[in-house]
Amino acid sequence: MSSIPLMLAYVSSLASRPGDPETVRRIIAHEDYQFELRRYEIPSAEHLVDYFSRLNTIPPEEIPDLTEGRHKSGLREKHEQWLDCVANPQKYADRYERLKALFTDDFLAEMQARLTAMFPGGTEMISDPAIVSTLSFGRSFGYPHEGALHLDLFGIDQYASLEELPCIVLHEMHHLQMIKMAENLSGEESLLDRYLRGFAWEGLAVKFCNNAQGVISRRIEPELPPNLGVPSIPLLNGHFPEHFRLFCDTVGWLRDGRFTEADLERQRREVWFNPYLYGEKPLDQLAVYSFGNDLYGCVYDHFGLEAVYECFYHPERLIGYFNRSDCGWTIP
C-alpha cells in the first residue's frame, strides 16, 4: 500500500501549486502502479503523467483514454473521484489507515480458512497471496493479476463498505484459487466447454464469497444480508429470463457448429461483460456474475461441492446436473 501516501501527498499539494510531471513520473514508477500498468496493458504512462499533472485544471474533453478496449473510459469515469481526492485528501488518508488496520495476520488466516472450505478436500490451495492497494487510475475495484489481488482505495465506502470488504478480498482470493486449478485443465476442449466454464469464474465467486441471492440459486448464509459487496445482483436477476434464453440458444448453436470463437467473443463483450448493458451508468457487476451464480449455484444447492467442480473440469456435465436439479428451468 506504500504508493498511497505518495499519491496523497502529491494530490494534496495541488491545492497550493501546479502539478509537476516529474513528481508524477516518480509516483507511477512505484512497483504497485507498474503492476496496474501491466494489468491494464498500458505500454506507456505518458498520458497518465499529463493527466495527473493537470488533474485539477484539465478540461473534461482533454481527459485521455486510459487504454484500448473496455477499460478505455477509466480516467473519465473516475475524474470526479480524483477531484474529490484533491479537495478532501484527509478523507482518503483516513480510509487508508482503516484499510491498513484490517489486514492483520489473523484476518488473512481467517480468509485462508474460509477459502479452503469452498473447495473439495484434497485441493492444493494457494497460500499467502500478495495484496496490492492503490489509489487506482482504472475502473475495476478488485481484480486478480499475476498471482496477486488488487483493491482500489477509491472503491471503499463507494462500491463496498469496510464491513463488506472481507467478502471482496475473499472473492478475489477465490479467483486466484480457480486460476491455480485451471493449470490442470486439458489443452483440448470444445467451444461449448469454454462457453459453459466461462460462467464458473464469477458465478462461483459471488455464490461462495458474496452471499449472492439468485433467481434459482440460494444464498449460502441465509441469516446474513444478501449480495454483500455486489449491489447490482438484484437488477441483473430481473433479467434472468432473457439471459437464460440467450444462453440456451447459444448452447444449441455451439452444438450445431453454427457459432464461432469470434461469435463467442462478441457475445462476451456485448452481453456478459458489458458494464453498460442496462443504461448509461456502468454496472458495479456484470451479467456473467448473476447468471453464473444461478447456473453453477443451483448445481451446488442440489448436488454439493464435488458436483460443482466436476462441472468445472468437465463442463459438458453441467447441463445434465442443471436439468436434474428440479429448479424449474431446463436447458434443451
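**Salt bridges and overall fold**

In this predicted model, E124 is exposed because its relative accessible area is 59%, over the 50% cut-off. E124 forms a salt bridge with K180, with the closest N and O atoms 3.3 Å apart. Since E124 lies in the loop between helix 7 (105-116) and strand 1, and K180 in helix 8 (residues 165-182), the pair ties together parts that are 56 residues apart in sequence.

Side chains of opposite charge can pair when their charged atoms come close. By the distance rule used here, the count of salt bridges is 21.

Another of these pairs is E77 with R139, where the closest N and O atoms are 2.9 Å apart. E77 belongs to helix 5 (residues 74-87) and R139 to the loop between strand 1 (130-134) and strand 2, so this pair ties together parts that are 62 residues apart in sequence. Are the two partners buried or exposed? E77 is partly exposed, with a relative accessible area of 28%, whereas R139 counts as buried because its relative accessibility is 19%, under the cut-off of 20%.

R38 and E146 also meet through their side chains in a salt bridge, at 2.8 Å from N to O. This pair links distant parts of the chain: R38 sits in helix 3 (residues 31-39), E146 sits in the loop between strand 2 (142-145) and strand 3 (148-152), and 108 residues separate them. R38 counts as partly exposed at 43% relative accessibility, and E146 counts as partly exposed at 47%. Elsewhere, E22, R25 and E46 are linked in a network of salt bridges.

These pairs belong to a protein with 16 helices and three strands. The radius of gyration is 21 Å, close to the 20 Å that the globule rule gives for 332 residues, so the protein is as compact as a globular protein of that length. The C-alpha trace spans about 65 × 45 × 35 Å along its principal axes.

Of the 332 residues, 52% are buried. Among contacts with a separation of 6 or more, 67% are between residues 24 or more positions apart. The accessible surface comes to about 15000 Å², and carbon and sulfur atoms account for 51% of that surface.

How far apart are the mean positions of the positive and negative charges? The protein has 31 positive and 50 negative charges, and their mean positions are 2 Å apart.

How values were computed:
Residues are numbered from 1 along each chain as its sequence is written. This is a predicted model: local features need pLDDT of at least 70, side-chain atom pairs count only at pLDDT 80 or more; totals for chains, interfaces and linings use all residues. Side-chain values use heavy atoms; hydrogens and water are left out. Helices (H or I, at least four residues) and strands (E, at least two) are DSSP runs, numbered from the N terminus. The radius of gyration is taken over C-alpha atoms; the globule rule is 2.2 Å times the number of residues to the power 0.38. Buried means under 20% relative accessible area, exposed over 50%, partly exposed in between (1.4 Å probe, protein chains only). Contact means heavy atoms within 4.5 Å. Accessible areas come from the Shrake-Rupley method with a 1.4 Å probe; for residues, only the protein chains shown count as cover. Lys and Arg count as positive and Asp and Glu as negative; His and the chain ends are not counted. The place of a charge is taken as NZ of Lys, CZ of Arg, CG of Asp or CD of Glu. A salt bridge is a side-chain nitrogen of Lys or Arg within 4 Å of a carboxyl oxygen of Asp or Glu.
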